[in-house]
Amino acid sequence: MSGTVKKIADMTFKAGRTIDWDGMAKLLVTDEARKEFSSLRRAFDDVNSQLQTKFSQEPEPIDWEYYRKGIGSRLVDMYKEAYESIEIPKFEDTVTPQYKPKFDALLVELKEAEKQSLKESERLEKEVAEVQELKNKLSTMTAEEYFEKHPELKKKFDDEIRNDYWGY
């Protein structure tokens, strides 16, 4: 095969070694995500092994003398000439330049989404901690202590009592 395919196979192999599969697996929460991640990893490993075995090896050279003895030199020379005249075109990547700016824009968007997600996660963790604290204190908490934390409810109840509204 051509040297370009071998270079691509080598780069893919190196990329496979640098991917932190275990680190990414730890970030997954649902069973469905773990299942999809597992199938992605299997597919990546399959493609990577195919690139390493099939495309990274040079083909065995043809033993033209062996065929000359069995078939005849005139026909073999004709095939040899045709075989050697074949030019395998060099691969030119025209797709990457088109999609690289889109990919870079998605990476920027991903980083922004990650920041927003971390902020939201932090906010939700604080809220869960507050609810847990409230849950633990609820059995011994007085109404005054509760209304200190939620003055809007105290105002609402005071307004209802003042307006003689008892909910029926």
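This report describes the fold, surface and salt bridges of a predicted model of a protein chain.

## Overall make-up

The protein chain holds 8 helices and 0 strands.

Of the 168 residues in the chain, 7% are buried, where buried means under 20% relative accessible area. The chain exposes about 15,300 Å², and carbon and sulfur atoms supply 58% of that area. Among contacts with a separation of 6 or more, 46% are between residues 24 or more positions apart.

## A nonpolar patch on the surface

Ten positions are listed for a nonpolar patch on the surface: Ile62, Tyr66, Tyr67, Ile71, Leu75, Met78, Tyr79, Tyr83, Ile86 and Ile88. Together they have about 1,100 Å² of accessible area.

Two helices, helix 4 (64-70) and helix 5 (73-85), each supply at least two residues of this patch. The largest share, 4 residues, comes from helix 5. One of the patch residues, Tyr67, lies in helix 4. Tyr67 has a relative accessibility of 39%, so it counts as partly exposed; that class runs between the 20% limit for buried and the 50% limit for exposed.

## Salt bridges

Side chains of opposite charge can pair when their charged atoms come close. A search of the whole structure finds 12 salt bridges.

One of them joins Arg68 and Asp77, with the closest N and O atoms 2.4 Å apart. Asp77 is partly exposed, because its relative accessibility is 33%. Arg68 and Asp77 also belong to a network of salt bridges that includes Glu65.

## Pairs along helix 6

Helix 6 covers residues 96-137. Within it, the side chains of Glu127 and Arg123 meet in a salt bridge, at 2.9 Å from N to O. These two residues are 4 residues apart in the helix, so about one helical turn separates them. Both partners are partly exposed: Glu127 has a relative accessible area of 39%, and Arg123 has a relative accessibility of 41%.

A second pair in helix 6 is made by Glu133 and Lys137, whose closest N and O atoms are 3.0 Å apart in their salt bridge. Glu133 and Lys137 are likewise 4 residues apart, which means about one helical turn lies between them. Glu133 counts as partly exposed at 34% relative accessibility, and Lys137 is partly exposed with a relative accessible area of 38%.

## The annotated coiled-coil region

An unreviewed UniProt entry lists residues 107-144 as "coiled-coil region". In the model, the end C-alpha atoms of residues 107-144 lie 50 Å apart. The span is 87% helix and 0% strand.

## Helix 8 and what follows

Helix 8 takes in residues 151-162, 12 residues in total. At 1.5 Å a residue, the helix should span 16 Å, because the expected span is 1.5 Å times one less than the number of residues.

After helix 8 comes Asp164. The phi of Asp164 is positive, near 60 degrees.

Note on methods. Residues are numbered from 1 along each chain as its sequence is written. This is a predicted model: local features need pLDDT of at least 70, side-chain atom pairs count only at pLDDT 80 or more; totals for chains, interfaces and linings use all residues. Side-chain values use heavy atoms; hydrogens and water are left out. Buried means under 20% relative accessible area, exposed over 50%, partly exposed in between (1.4 Å probe, protein chains only). Contact means heavy atoms within 4.5 Å. Accessible areas come from the Shrake-Rupley method with a 1.4 Å probe; for residues, only the protein chains shown count as cover. Patches are made of residues with over 30% relative accessible area and no salt bridge: like charges are joined within 9 Å, nonpolar side chains (Val, Leu, Ile, Met, Phe, Trp, Tyr) within 5 Å. A salt bridge is a side-chain nitrogen of Lys or Arg within 4 Å of a carboxyl oxygen of Asp or Glu. UniProt positions are given in the numbering used here, feature names are shortened, and annotations may be inferred rather than shown by experiment.
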